[in-house]
Amino acid sequence: MGGLIAQIIMKVVVSLGGSIVASPSINRNFILSYVDMVLRLKKEDISISTVVGGGKIARDYIEAARSFGASEEFCDEIGILATRMNASLILSALGEWAEKRIPVDVEKVEDDNVVMGGTLPGHTTDAVSAMLASKIKADLLINASNVDGIYDKDPREFPEAIMLLRVGSKELLGIIKGEHMAGITTILDIKAAKIIIRNRIRTFVLNGRDLENMERAIKGKSFNGTEVVL
Ligand SMILES: Nc1ncnc2c1ncn2[C@@H]1O[C@H](COP(=O)(O)OP(=O)(O)OP(=O)(O)O)[C@@H](O)[C@H]1O
Ligand SMILES: [Mg+2]
């Protein structure tokens, strides 16, 4: 029996920070370059799902709603709307707006290459990306943000912070802020970290602005960033 060639498809989930997609405003050039990479990798049998974060627009709306007395849960709902707007831009640039919609529930995702934003209050899109990676049995989760990797403490607050090339599960849980708030600024939220650890999801954290570096990471080449060692 000849003729059957097994196709090996590598599944990757990218948690794409709203901080690079749409902050302070929509970053058209970045979106086009990212989508270009996704479409190019698709031809190489690397399927990428993208979970997009909220960025500045989410924080602006959350801050205003909070100042009007809205609950944290309601502020989170507003932030989720912003993440879906950002996800809709990626879907538009991919040219998939006609046939696809933004999933609102990870459990209902069956595809290997979805674009989505947040789902429910109580966690960030980083947690959604970890849930998605677990659901579709991804080979790799990439957390792409606006810093080069995971530092021993927040590099914005502490200029002397040191970037970690590798971080173990205990150390990771020690670095991450514990409590969730709408619009929280964190490299990974606690829920994401717990899902990554529990499900042993291969995870890299890197600066999403450098797409050549991201592509190297996806292809198993050496890259600048942090590897979560499980
Ligand atoms: N230990 C840490 N290592 C690295 N960055 C950290 C750490 N602790 C806090 N941060 C902060 O996390 C920020 C990135 O998170 P932020 O939520 O702002 O961006 P994002 O997740 O890329 O975007 P969005 O949340 O809008 O999707 C960094 O700019 C950095 O200041
Ligand atoms: Mg974030």
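Visitor: Let's begin with the whole chain. How many helices and strands does the protein chain have?
Guide: Happy to start there! This is a predicted model, and its elements are counted along the protein chain. The count comes to eight helices and seven strands.

Visitor: How compact is the protein chain for its 230 residues?
Guide: We can compare its radius of gyration, 17 Å, with the 17 Å that the globule rule gives for 230 residues. The two values are close, so the protein chain is as compact as a globular protein of that length.

Visitor: What share of the contacts between residues at least 6 apart in sequence join residues at least 24 apart?
Guide: Contact here means heavy atoms within 4.5 Å. Among the contacts in the protein chain between residues at least 6 apart, the share joining residues at least 24 apart is 71%.

Visitor: Now to one helix. Is H5 mostly covered or mostly open?
Guide: A residue is buried when its relative accessible area is under 20%. In H5, nine of the eleven residues are buried, among them Val128 and Leu132. The buried residues pack against several elements, including strand S1 (10-16), helix H4 (72-94) and H7. H5 is therefore, with buried meaning under 20%, mostly covered.

Visitor: How do H5 and H7 lie relative to each other, roughly parallel or roughly perpendicular?
Guide: Helix H5 (residues 125-135) and helix H7 (residues 190-198) have axes 7 Å apart and pack at an angle of about 20 degrees. That angle makes H5 and H7 roughly parallel.

Visitor: Which residues in H7 are met by Asp126, Ala127, Ala130 and Met131 in H5?
Guide: An α-helix has 3.6 residues a turn, so residues three or four places apart point the same way. On the H5 side, the contact is made by Asp126, Ala127, Ala130 and Met131. By class, the H5 contact with H7 has six nonpolar, no polar and two charged residues. The residues met in H7 are Lys191, Ala192, Ile195 and Ile196.

Visitor: What separation do the C-alpha atoms of Glu227 and Leu164 have?
Guide: Along the chain, Glu227 and Leu164 are 63 residues apart. Leaving aside neighbours within four places in sequence, Glu227 is in contact with residues including Leu165 and Arg166. The C-alpha atoms of Glu227 and Leu164 are separated by 8.3 Å.

Notes:
Residues are numbered from 1 along each chain as its sequence is written. Chains are lettered from A and ligands numbered from 1 in the order in which they are written. This is a predicted model: local features need pLDDT of at least 70, side-chain atom pairs count only at pLDDT 80 or more; totals for chains, interfaces and linings use all residues. Side-chain values use heavy atoms; hydrogens and water are left out. Axes are lines fitted to C-alpha atoms, for helices over the stretch in contact, and angles run from 0 to 180 degrees between N-to-C directions. Helices (H or I, at least four residues) and strands (E, at least two) are DSSP runs, numbered from the N terminus. Angles under 35 degrees count as roughly parallel, over 145 as roughly antiparallel, 65 to 115 as roughly perpendicular and the rest as oblique. Ala, Val, Leu, Ile, Met, Phe, Trp, Tyr, Cys and Pro count as nonpolar, Asp, Glu, Lys and Arg as charged, and the others, Gly among them, as polar. The radius of gyration is taken over C-alpha atoms; the globule rule is 2.2 Å times the number of residues to the power 0.38. Buried means under 20% relative accessible area, exposed over 50%, partly exposed in between (1.4 Å probe, protein chains only).
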